[in-house]
Structures are given as C-alpha cells and as structure tokens.
Amino acid sequence: MPNDTLARSRYERLARTVSELMDKATQNERILRKFQQYELQLLAVSGMEALFDCLLGDSLNHFQLDAVELWLFDPDRQMRTLLPATAPQWPGLVWLDSDRHLRDLYTGQHQVHLVNPLPAGVFIGRSMRSAALLPLVRHGALVGALHLGALAPQRFTADKSTDFIEHLACIVASCIENSANHERLHRLSMIDMLTRVENRRAFTQSMTTEIARAARHGEPLTVMLADLDHFKRVNDNHGHQIGDRVLSAVAQEIVTMLRKTDHVCRYGGEEFALILPNCDRALAQEVAERIRVRVSSLHIASDSGIEVPVTLSLGLTCWSQPGAYPANLADQLIGLADKALYRAKDCGRNRVEFQAMP
C-alpha cells in the first residue's frame, strides 16, 4: 500500500509537471505568434514614416506597453533628411549625434537587457518602472536602440527569457536599414541630378498630393512656372558647362527662399516649376518678386571671369476650393501658370505675371 501511495504521488507530480510544461509551451506559442505577427507587420511597411508609426505607435497596443522609445545614431543627420517635412513629431523618437549614450547602455556585447529599475537617460520624464532595452546592430555596429517600457515593475525582469525580444531587435535593425536605403533610392529617382531639386516625375506626384491636401483643408495653393531669360545665349556665348552652372545656382537660390513644405522642380530645360501650399495670391506674388530680384542679383562668372547676366520670368496662378475638384485640375493650374509666364516673356521678360482661375 505504501508503494501504491508513493507511485500515485509520483504520478500526480509528473502529471502536474507535464501540465505545467504544456501550459508553458502553449504560452510560449502564443508569445511567439504575437512576435511573428508584429515582425511580419514591420517587414510589410513601406517607407520610414510608416515604419516609425509601427515601431512607436502600433507596438504599444500589440504588446500592451506603456511607452516605446527609439534611439537612432545619426551623426551626419542624413537619416533625418529622409523623412518628409510633413512627418509627425514622434515623442519617442530620439536622434543621437553621438553614440556615447548607446555605448554607456550596451557595454561589451550587444545584448538585450531587461531592467528594473531603469538606467539613467532611458524614458526621461516618464514613470516607467521596468523596460526591455533592445540594441539595434547592423554589420557589427551599434546603430540605435529600441526601448519597451512598462509601468509594472515585474513586466521586464532579469529572470525572464529574451529569445523572442532578441529576434525582434534583429528584425527592427534590418527594417530600419532597408527603409532608409529604400528612401534614398526613392529620393534619387525623384531628383534632377544637375540642379538637385525635384524632377518632373516628383513634381507630378507632389501636385497630386498638394491638390488633395488643399481641397481637404480649404487652403490656397499656388503653382508657379519660372523660366530663365535668353538662356540659349548663355549656352551659345559661354558653353553648356557654364549653362549648367547657371541652372544649378538659380535652382539652389530658389530653394533657399522657400519653406520646407514648398516644392521646386526642374520642369524643362531651363524652366522650373514651384508648388506653394497654403499660399494665397498676395503672398505668392511677393515670393515670386523676391525670387526674381534675387536671381537677377546673382553673380555667376564664366571660366574666363566674365560675369554671366541671369534673369528670370515667372508666371503663377492660385487655387482655393475645398471639397471636390476636377480630375484635370493639375493640368489646368499648370496651363494657367504657363499662360502667365508667356505673358511675362511677351511683356519684356524679367517680370512676374499672374493668371486668375476662370
């Protein structure tokens, strides 16, 4: 009988152990599936803005977190320029000009840390009581960190496994690198390599975007065409290399006079197209006149030291109509700006003309 009791006790202990292992396996499977779903979501997003939305927004609900923080080492500030000017200001996004804070957190091997309490510098001003600190490593170099924060002190503790989190860190680092490379390639495809402003393809996309935004918010939208006067003389008298120098100088001068939300593109050989969101006629004419004056004041010399005279004729139109708009509105606006530009040419060049909507 004692042997039966002992055997039954061992059996019950074994059964409990097996049940606990099965429960643990089931729990791990749920956790793994949750991580896999999120990683697939990260891999599916396109562009840095969508990726940051996923990392700093979607992850909160997906993992039931209280805060997320993304540190990115960007000493030359090039990655920051890949984000559009209209991108949101994510409170959890921290750009690092130096890697000192990263090295302080991840000394030695680049491993995930589950911490309680939090080290200095992490979630500053937030009441997080535990966190998972994920180093983001690419090609052996520490490029950033993703921090997952919780108000509960026991959410992330050193006794918990980090396998799933370490895999997530690899996926995040890869996604950031890939999205940055994608943005760089996309930018190159949208840039005129001579003048470094948008090309015709980018202008077409920007027109579609800005018309929709202007209609949605009921804001005025200005479209402007600018053409260099007597540009053929520049090429004939000084050569095409000097002509290229003039085009580049004029393009960059225009860029310096506009807002980050404005668009400048090389529309044709010596013609530029500008889109000025939320800009009415009065402001647009003022901006156009300032551009005209500044360009006429440029000092551009040929290789022989001869100064090359440069002037600009500009034509513009302005549209403001909330709600529905015709499908060919972009063509209408360009046509009206072009009509104003031809009038500026006919009236003596080096001037600004406006063409109202019919």
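View 1. A salt bridge here is a side-chain nitrogen of Lys or Arg within 4 Å of a carboxyl oxygen of Asp or Glu. Helices (H or I, at least four residues) and strands (E, at least two) are DSSP runs, numbered from the N terminus. R100 is partly exposed, at 44% relative accessibility. Buried means under 20% relative accessible area, exposed over 50%, and partly exposed in between (1.4 Å probe, protein chains only). Side chains of opposite charge can pair when their charged atoms come close. The structure holds 18 salt bridges.

Two sentences cover the numbering and the limits of the model. Residues are numbered from 1 along each chain as its sequence is written. Because the model is predicted, local features need pLDDT of at least 70 and side-chain atom pairs count only at pLDDT 80 or more, while totals for chains, interfaces and linings use all residues; side-chain values use heavy atoms, with hydrogens and water left out.

**View 2. A salt bridge links K345 and D227.** The N and O atoms of this pair are 2.7 Å apart. The pair connects distant parts of the chain, with K345 in helix α10 (residues 329-346) and D227 in strand β6 (residues 221-228), 118 residues apart. K345 is buried at 14% relative accessibility, and D227 is buried at 13%.

**View 3. R343 in helix α10 pairs with E353 in strand β12.** The closest N and O atoms of this salt bridge are 3.3 Å apart. R343 is partly exposed at 26% relative accessible area, whereas E353 is buried at 13%.

**View 4. Five strands form an open sheet.** Their order is β7-β8-β6-β11-β12, and the pairing is mixed. Two strands pair if DSSP finds at least two bridges between them. β7 (263-266) and β12 stand at the edges with a single partner strand each, so one side of each is left without a neighbour in the sheet. β7 and β8 (residues 271-277) run antiparallel and are joined by 4 bridges. R266 stands opposite F272 in β8.

**View 5. The bond between N116 and P117 is cis.** Omega of this peptide bond is near 5 degrees. P117 is found in the loop between β3 (113-115) and β4 (130-138).

**View 6. Q64 and R349 have positive phi values.** Most residues other than glycine have a negative phi, and most peptide bonds are trans. Phi of Q64 is near 55 degrees, and that of R349 is near 70 degrees. Q64 lies in the loop between α2 (48-62) and β1 (67-73) and is exposed, at 66% relative accessibility. R349 lies in the loop between α10 and β12 and is partly exposed, at 33%.
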